Amino acid sequence: MMASVALGQAVANVPTCFSSLKNVDSLPGCLRQSFMVAGGKGGLMRPVPRRGEKLRRVSGVRNALPEVAEMEPASKGSQLLVPRQKYCESVYKPVRRKTRTIHIGDVTVGSEHPIRVQTMTTTDTKDVKATVEQVMRIADRGCNIVRITVQGKKEADACFDIKNTLVQKGYTIPLVADIHFAPPIAMKVAECFDKIRINPGNFADRRAQFEKLEYTEEDYQEELEHIEQVFAPLVEKCKKYGRALRIGTNHGSLSDRIMSYYGDSPRGMVESAFEFANICRKLDFHNFLFSMKASNPVVMVQAYRLLVSEMYLNGWDYPLHLGVTEAGEGEDGRMKSAIGIGALLQDGLGDTIRVSLTEEPEHEIDPCTKLANLGMKITKEQKGVPEFQEKHRRYFDFQRRTGQLPLQKEGDEIDYRGVLHRDGSVLMSVSLDQLKAPETLYRALATKLIIGMPYKDLATVDTILLNGLPAVENREARLAVKRLTDVGLGVLTPLAEQLAKPLPNAISVLTLDDIASSSHKKLPTGARVAVTLRGDEPQEQLDLLKTVDAIMLLAYLPEDEKKSSRVHASRRLFEYLESNNLHFPVIHHLKFSASTQRDDLVIRAGSEAGALLVDGFGDGILLEAEDQDFEFLRTTAFGMLQGCRMRNTKTEYVSCPSCGRTLFDLQEISAQIREKTAHLPGVAIAIMGCIVNGPGEMADADFGYVGGAPGKIDLYVGKEVVKRGIAMEKATDALIELIKENGRWIEPELVEN
């Protein structure tokens, strides 16, 4: 039974997921003001600014929000009412969020239609022939919508020729104008293109200078009126011509005004978009959709969830365009996109998507299509788990659940403290055949070899899984394993194998049935164990976990599972563990069939395990695929941990996908920089083709290489430009010198052959 209560009365019944907040940025808008007025836990008592008072707005007051919060019982039959935090249709199974249909040319977007695939041209828009040819290649690859940058009058004039030429050649793919800083250009191109993408951070506001600004309430209202004066004519023109709009917020280009109010945060991204959406609604224009892009998948997921939560509170049903911006190239770029986009698709969110890669736009379409198909498939099948009460997952802000790392015990013959890593662990399955060539195996595990002996390195696998143990008399194979355990690697093996062919210091993997039958009690006293389970077992089976001292849990659901989904079963498992104060580390164990292609493996692993890791649920990854290269599986697992902002084992690159604004060959320069800096774990380098998102994305990078003018590069430390106008041929070396000046450079190690 739902109820509505005044906001002033709501604070007393705040759920546990809100009560420990240190700030209010992650609260739904309807609750933030009540926390500000009445105070809350975590030191949230702050004054509400009075009219005319010069206080920095630490939390916004959006007039469009309702004055009451929708409430519901904390549990069935409970008298305690808590605020609804709905951000998706269901947290128990993937159900597609109901959204209205909007029209982009001849393409319809919304929940009644397939998830649409998009990309963006990289040609100079003024080069009509090259742009037309690229759009045709994109359309021929099955893309539904294509975006083209339009930065000035010459580009806007070219758009008419581009559109007319495509129509003459029989191509009706909808075209989207990408607009920054240029309302007059948007007005012009709306006469020929099917959709206009505006960036709320720079459409009406000045270019961000990353300054702290103070506003009175009157100042703030004047700014909103200015935005309406600039934006309303475009809205009216889109109504006249039947065009669509995308209100596309970018984490890297929020205005100084928004950042001064809300910080460089998901809350600021949502508030920025809502200012423009309210103008559209005021003018009775509803053919628009939202996007909340960031280069950090964790921030991106939080922003979209917060946006949808606010839309539920307001009764809005506008579609979503999903994307992780500046994702980079290769498997890293695909993994970041799979984590961010896939996590949202698992909750039924998303109506169009783009995978932004520092590659040719045609290369984006295949992984984008795979993600779109995945989203459609899981919401059609709706695999899930029975409803359960979810109290501990934080939807809107990241808080990692950290399992208890292994402790050393009296009588241990080896050091077990290294079998898991505090920032996230990588486990690998090793075959008996691999034990026949120990040095090759040690290199594959990324150990450092000294005179043929393995030692742990920065990106060494933490634990191996031996599904079969070598025979007791096979001394060579057992010695190869012993050398790994001697330097701190863990060895997992099924209980039956360990009982049949005992391997000193191996960790036996139990099933819940093994525990129920007491089979594990056949092990020597003090033997270490792990437990493999699905997560959707009945509670009485899960209660068996309370009877064992497991070093870790392996969350595993077979690939051909017909009923449950990995994401929702794992959420249920984590809720059980938290509710019962069980602190076992949990490893996400994914096994893929022999026919799985690399891109499919990256996308599925990223969307399934990544969807859990962005919620802080999980302590590591174990990927198995018989016919995949061992090195590929290892680097993919480490890449997932880094993409989820857990464990850094290599240089992080924030690299834009290139467009008509790009002032240098992004793919070539990116390759040059990566070749010379790939050995700097913990260092983040942004490589940006132009200034539009450049300085803003420095928020997620230590150093920046940004196109400032044709043939000239500006270098950044954080958000601050420190060197301007460097000749491009000298810029990579200048970047390395800058890294050295800031004490972040290390010389690359020579690899022993």
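# Reading the barrel and its surroundings

Student: Leaving aside its neighbours within four places in sequence, which residues is R645 in contact with?
Tutor: This is a predicted model, and what is said here is computed from it. R645 belongs to the loop between helix 20 and strand 24 (652-655). Once its neighbours within four places in sequence are set aside, the contacts of R645 are with S295, N296, P297, V298, E652 and D700.

Student: Is R645 buried, partly exposed or exposed?
Tutor: A residue is called buried under 20% relative accessible area and exposed over 50%, with partly exposed in between. The relative accessible area of R645 is 28%, so the label for this residue is partly exposed.

Student: How far apart are the C-alpha atoms of R645 and V614?
Tutor: Along the chain, R645 and V614 are 31 residues apart.

Student: Is R305 buried or exposed?
Tutor: R305 is part of helix 10 (residues 297-314). Leaving aside its neighbours within four places in sequence, R305 is in contact with Y87, L344, D347, R393, R394, Y395, F396, R571 and D615. Its relative accessible area is 1%, and the cut-off for the label is under 20%, so R305 counts as buried.

Student: In what order do the 8 strands close into a barrel?
Tutor: The pairing in this barrel is parallel, and the twist averages 25° from one strand to the next. One of its pairs is strand 17 (residues 463-465) with strand 18 (residues 490-494), joined by 3 bridges, where T463 stands opposite G490. Read by strand number, the order of the barrel is 14-17-18-19-20-21-22-23.

Student: Which residue of strand 21 does V531 stand opposite?
Tutor: Strand 20 (residues 529-533) and strand 21 run parallel and are joined by 4 bridges. In this pairing, the residue of strand 21 that stands opposite V531 is L553.

Student: Which residue in strand 22 stands opposite L554?
Tutor: Strand 21 also pairs with strand 22 (residues 586-592), in the parallel sense and over 4 bridges. Here the residue in strand 22 that stands opposite L554 is I587.

Student: How many of the 7 residues of strand 21 are buried?
Tutor: Strand 21 covers residues 550-556, and it is largely enclosed by the rest of the structure. That description holds because the number of its 7 residues that are buried is 6.

Student: At about what angle does helix 20 run to strand 14?
Tutor: Helix 20 (residues 630-643) lies across two strands, namely strand 14 (425-429) and strand 23 (620-625). Relative to strand 14, the direction of helix 20 is at about 160°.

Student: How does helix 4 lie relative to helix 5: parallel, perpendicular or oblique?
Tutor: Helix 4 (residues 128-140) packs with helix 5 (residues 153-168) at an angle of about 45°, the axes being 10 Å apart. The contact is made by residues including V128, T131 and V132 of helix 4 and A158, D161 and I162 of helix 5. Given that angle, helix 4 is therefore, relative to helix 5, oblique.

Student: Is the crossing of helix 21 and helix 23 left-handed or right-handed?
Tutor: Helix 21 (residues 666-677) and helix 23 (residues 728-741) pack at an angle of about 35°, with 11 Å between their axes. Among the residues that make the contact are I669 and Q672 of helix 21 and M728 and T732 of helix 23. The crossing by which helix 21 passes helix 23 is right-handed.

Student: Which residue in the turn between strand 27 and strand 28 has a positive phi?
Tutor: Strand 27 (residues 712-717) pairs with strand 28 (residues 720-727) in the antiparallel sense over 5 bridges, and E720 is the bridge partner of V717. The two strands form a hairpin with 2 residues between them. The turn residue with a positive phi, of about 65°, is G718.

Student: What percentage of the residues of the protein chain count as buried?
Tutor: The protein chain holds 23 helices and 28 strands. Among contacts between residues at least 6 apart in sequence, 71% join residues at least 24 apart. Of its 753 residues, the share that count as buried is 60%.

Note on methods: Residues numbered from 1 in each chain as written. Predicted model: local features only at pLDDT ≥ 70, side-chain atom pairs only at ≥ 80, totals over all residues. Heavy atoms only, no water. Buried < 20%, exposed > 50% of the residue type's maximum accessible area, 1.4 Å probe, protein only. Pairing = 2+ DSSP bridges. Axes fitted to C-alpha atoms, helices over the stretch in contact; angles between N-to-C directions. Parallel < 35°, antiparallel > 145°, perpendicular 65-115°, else oblique. Contact = heavy atoms within 4.5 Å. Left-handed = near helix turned anticlockwise from the far one by under 90°.
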